[in-house]
Amino acid sequence: MNAPARQNPFFEPWTGPFELPPFDRIRAEDFQPAYERAMAEHNAEIAAIVADPNPPDFDNTVTALERAGAAMNRVGGVFWNLTGTESTPELQAIERELAPKLADHYSAIGLNEALFKRVEAVWKQREALALTAEQKRVLELTYDGFVRSGALLAPEQKTRFAEIASRLATLGAQFAQNILKDEADWAMLLEEGDLDGLPQSLRDAAARAAADRGHAGKFAITLARSSVEPFLTYSARRDLREKAFAAWIRRGENEGPTDNRAIAAETLRLRDESARLLGYPTYAHFKLSDQMAKTPENVRGLLDKVWTPAKAAVARDRGALQELVAAEGGNFEIAAHDWRYYAEKLRKALHDIDENEIRPYLELEAVIGAAFDVAHRLFGLTFAERSDLVLYNKEARAFDVTDAQGKHVALFIGDYFARPTKRGGAWMSGFRSQSKLDGKDVRPIVVNVLNCAKGAEGQKTLISLTDAKTLFHEFGHALHGMLTQTTYPSIAGTNVARDFVEFPSQLYEHWLLRPETLARFARHAETGAAIPDDLVARIRASQTFNVGWEKVEFCSSAIVDLDLHLLSPAEDFDIVGFERAQLEKIGMPREIVMRHRTPHFGHVFSGSGYASGYYSYLWSAVLDTDGFAAFEEAGDVFDPQTARRLKDHVYAAGNSAPPEEAYRAFRGRDPDARALLKAQGFA
Ligand SMILES: [Zn+2]
């Protein structure tokens with residue numbers, strides 16, 4: 001007798017709590033067949049729209065497109081989250097194989113002539129149709145989306161355009177996997193005697209990392225930012241700092257199968273070709289045309305405003321650091337692997353601030369509680385942990401989010417600890433997005449992924465101030481994903497311009513260091529004592545310390561990203577040589593290295609999301625500093641009226657209005673960059 005064939009869980013209705021994906025039953029081998037069936041369903045939905053005998057109208061064309069692809073979203077929601085957090089060689093192989101197929105699938109829809117004709121017909125009548133503002137916006141964006149996907153190209157151009165998209169998808173997947181591999185393959189094993197200067201938290205994390213790698217009793221520094229950065233900040237061993245730093249900045253540039261240089265060069269050539277097909281002079285022009293910044297000149301203008309004073313600040317700080325070296329009897333010039341170490345010493349000297357004094361007050365649990373509390377005070381949200389739900393990893397936690405009336409708003413999943421199968425960095429994503437199509441109120445499932453180093457067995461996890469800021473940042477994105485109230489899924493939540501999407505997240509960071517937040521949540525992990533007022537004051541006073549270095553590290557990456565996408569690279573284009581030449585041109589300080597060097601610049605090359613878009617963080621910083629000032633001007637950082645406007649026009653609005661209009665509706669005027677320059681001490 002044969003056992004009944006196992007049913008693919010993607011083909012069954014998900015009837016569990018919150019209609020969560022049945023994680024315990026999903027296996028890697030389910031994805032290929034699930035995607036194939038989802039693509040077939042999607043194609044059938046598209047074919048039905050095209051075959052509709054009725055003349056095209058908003059509902060039978062645009063709304064129908066919004067409904068289409070539900071199965072793709074179900075499968076993709078699980079797949080893309082797992083490739084980021086539970087990556088295995090098996091999943092990676094599937095990803096490499098799937099990436100070009102998915103690109104082909106979406107290209108075929110974007111280039112479907114009959115479908116575009118219908119969209120175009122509706123778009124041409126847009127003024128005559130009695131559309132709501134949201135519908136008008138969706139129609140414009142849908143039409144633009146087709147045009148940007150090549151719908152107006154001649155037939156042979158369309159073929160080439162689709163080929164490029166397919167190849168770019170393969171290259172992007174490979175680029176990301178190569179970084180992951182370079183990070184996973186490297187670890188610096190240390191003995192007890194090599195740990196000079198390292199705080200206990202880092203020693204504990206390094207001991208765990210070594211044990212995880214089969215070297216119990218030793219200590220491992222890895223290339224995860226949460227390991228290597230604190231090591232560079234505290235290790236008194238200049239030789240080891242140099243070794244770790246060299247490996248860190250060489251990710252993606254190690255010759256052999258994980259080398260990303262040729263991949264990046266080919267990506268740039270293909271992006272340039274696709275932008276030219278669409279009639280833009282460069283890829284940067286294409287990419288920025290539908291962003292808030294609009295043009296490369298506007299981007300460069302903002303970067304330059306910050307670059308010059310940041311460099312001047314670095315020159316001042318360098319002198320102070322060099323004095324510290326001399327005072328220690330050192331006889332060397334500050335190098336890139338020294339900057340963090342001496343900057344930390346200088347910070348301690350100037351502001352009497354020591355990470356190790358702060359850390360005991362920043363228990364992970366308390367910081368999560370603080371992020372929830374701010375959302376409660378601003379937006380009336382309540383978070384109830386649901387430990388009964390089965391998620392994709394035991395470390396991930398779920399919270400039922402409800403509003404002031406007790407109505408379900410979203411399911412929030414927090415996945416906070418670093419593990420070898422997790423991509424580095426921190427991000428927000430989702431398993432389901434929000435919509436209100438056909439009267440069905442679909443609420444989102446949103447995820448925050450971080451890479452905090454877990455506390456030792458049986459110990460509380462204490463995190464750095466940087467990790468706490470990251471937690472607030474990603475939680476700001478999560479709120480943007482959870483509070484959304486649009487009808488149409490394509491404009492829900494974080495589906496906004498890339499240079500606007502960091503506004504809700506960066507804005508949220510401002511509440512972390514408010515005395516109103518810290519006094520309530522930052523309690524000593526052992527004694528339970530509240531964080532002393534004077535420590536809060538010292539932390540706040542030190543916020544602009546080393547800001548020149550931070551901005552140089554950031555702006556150099558953003559400038560190189562922009563410059564790379566203003567090129568028409570030749571076949572033998574040398575990305576590292578170009579990077580070096582551009583940095584020289586802008587006068588990059590010798591002792592600072594770009595935050596993301598080109599061979600491991602995942603933002604820009606793992607996908608096109610941030611391609612010629614890395615500046616977005618700075619663009620959004622103009623909005624968040626100027627935006628937070630609205631609360632300060634109101635005299636209360638939880639001012640209900642300001643919070644209400646923020647929720648209505650930003651966190652709940654998705655992409656239902658152009659970003660500049662959304663900002664104006666919240667703030668009552670256009671953003672003013674002077675607030676940012678002033679906050680950095682650059683005014
Ligand atoms: Zn972000």
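The following legends describe close-up views of a predicted model.

View 1. Strand S7 spans residues 445-452. Because 8 of its 8 residues are buried, S7 is largely enclosed by the rest of the structure. Ile445, Val447, Val449 and Asn451 point one way from the strand, whereas Val446, Asn448, Leu450 and Cys452 point the other way. The residues of both sets are buried.

**View 2. Pairing of S7 with strand S5.** Strand S5, formed by residues 408-417, runs parallel to S7, and the two pair over 6 bridges. Within this pairing, valine 449 of S7 has aspartate 415 opposite it.

**View 3. Pairing of S7 with strand S6.** Strand S6 comprises residues 427-432 and pairs with S7 in the antiparallel sense, over 5 bridges. Here serine 429 stands opposite valine 447 of S7.

**View 4. The zinc site.** The zinc ion is coordinated by NE2 of His473, NE2 of His477 and OE of Glu502, at 2.0 to 2.1 Å. Along the sequence, these donor residues follow the spacing H-x3-H-x24-E.

View 5. Histidine 473 and histidine 477 both lie in helix H17, which covers residues 465-482. The two histidines are 4 residues apart in this helix, and therefore about one helical turn separates them. Residues under 20% relative accessible area count as buried. Histidine 473 is therefore buried, at 10% relative accessibility. Histidine 477 has a relative accessible area of 8%, so this residue is buried as well.

Note on methods: Residues numbered from 1 in each chain as written. Predicted model: local features only at pLDDT ≥ 70, side-chain atom pairs only at ≥ 80, totals over all residues. Heavy atoms only, no water. Buried < 20%, exposed > 50% of the residue type's maximum accessible area, 1.4 Å probe, protein only. Pairing = 2+ DSSP bridges. Donors = N, O, S within 2.8 Å, 3.2 Å for Na, K, Ca; no water.
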